[in-house]
Amino acid sequence: MISRRQFSQFSALGLVHLPLWAADLSERDAASGIRAALERGAIAAVALLGRQDGFLGNDKVRIGLPGALNDAAKLLRATGQQKKVDELITAMNRAAEAAIPEAKALLVQTVKNVSVKDALQIVRGGDTAVTDFFARNTREPLGLKFLPIVTRATQKVSAAEKYNAVAAKAAKFGLVKDEDANVQQYVTRRALDGLYLMIGEEERKIRQDPVGTGSAILKKVFGG
């Protein structure tokens, strides 16, 4: 069972709005609730982002040019070269949208492996706990899955090669971060950032309205 001490910690931190009777939940139920919330949030995020305009049409995750390249893009637009800039930005976002569906299987498997200890840490971990959990357990393998997909998508656009050439020079002067100097790696990283951000948002929705999910375990663990 969740101890009174654990319940007090949950309530004091305000991480999950547990009702008074939640102190009588078993740790198994609590862990099941966390798993259900994580899986639902992950699947929803993948569905939201892994479609046309999932990135391009969402200001929260839309991938633009980094650092000084964004400033340079403004000048290019001013000189009538807007089409090339827009083509590259569209290609980057389309690449991210194409890669995201590859995340579903690994995210779901990661959720199934969540232990009671993991679940309690997520509850206690604050607003970034979900993002931190998924990033810690899936960022590296998902990066390996995403990179070839992003590479194939961006290779179709001639501006991508020019991006790498210009970004490499800009990085030498500190105008662009080294990690952003390669368009394929940059898009892969931003795609993952967007994925974890949206998973966190979906999870917060579940906390706020567990009854609305229609899930008995979510209602039991998070319901008021």
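In which helix is the place of Thr110?

Modeller: The model is a predicted one, and what follows is computed from it. Thr110 sits in helix α5, which covers residues 104-112.

Start with the residue itself. Thr110 has a relative accessible area of 9%. The cut-off for buried is under 20%, so Thr110 counts as buried. A polar atom of its side chain lies 2.7 Å from the backbone oxygen of Leu106. Leaving aside residues up to four places away in sequence, Thr110 touches Phe133, Asn137 and Thr138.

The next element to consider is helix α7, made of residues 129-155. Helix α7 packs with helix α9, residues 183-208, at an angle of about 140°. The two axes are 8 Å apart. The crossing in which α7 passes α9 is right-handed. The residues of this contact divide into 13 nonpolar, nine polar and four charged.

Helix α9 also has a crossing with helix α4, which runs over residues 82-99. Here the axes come within 9 Å and cross at roughly 55°. That angle makes α4 oblique to α9. The crossing of α4 and α9 is right-handed. On the α4 side the contact is made by Met92, Ala95 and Ala96. On the α9 side it is made by Val183, Tyr186, Val187 and Ala191. By class, this contact of α4 with α9 has seven nonpolar residues, with no polar and no charged ones.

Val116 belongs to helix α6, residues 116-124. Its relative accessible area is 29%, so Val116 counts as partly exposed. Not counting residues up to four places away in sequence, Val116 touches Glu27, Ala31 and Arg35. With Arg35, the separation is 81 residues in sequence, and the C-alpha to C-alpha distance is 9.6 Å.

The other residue is Asp53, in the loop between α2 (27-49) and α3 (67-78). Asp53 has a relative accessibility of 34%, so it counts as partly exposed. Its phi is near 70°, a positive value in a residue other than glycine.

Last, the whole chain. The protein has ten helices and zero strands. Along the sequence, its pattern reads α-α-α-α-α-α-α-α-α-α. Among contacts between residues at least 6 apart in sequence, 77% join residues at least 24 apart.

Note on methods. Residues numbered from 1 in each chain as written. Predicted model: local features only at pLDDT ≥ 70, side-chain atom pairs only at ≥ 80, totals over all residues. Heavy atoms only, no water. Axes fitted to C-alpha atoms, helices over the stretch in contact; angles between N-to-C directions. Helix = DSSP H or I, 4+ residues; strand = E, 2+ residues; numbered from the N terminus. Left-handed = near helix turned anticlockwise from the far one by under 90°. Nonpolar A, V, L, I, M, F, W, Y, C, P; charged D, E, K, R; others polar. Buried < 20%, exposed > 50% of the residue type's maximum accessible area, 1.4 Å probe, protein only. Polar contact = N/O pair within 3.5 Å; in protein donor to acceptor, adjacent residues only side chain to side chain. Contact = heavy atoms within 4.5 Å. Parallel < 35°, antiparallel > 145°, perpendicular 65-115°, else oblique.
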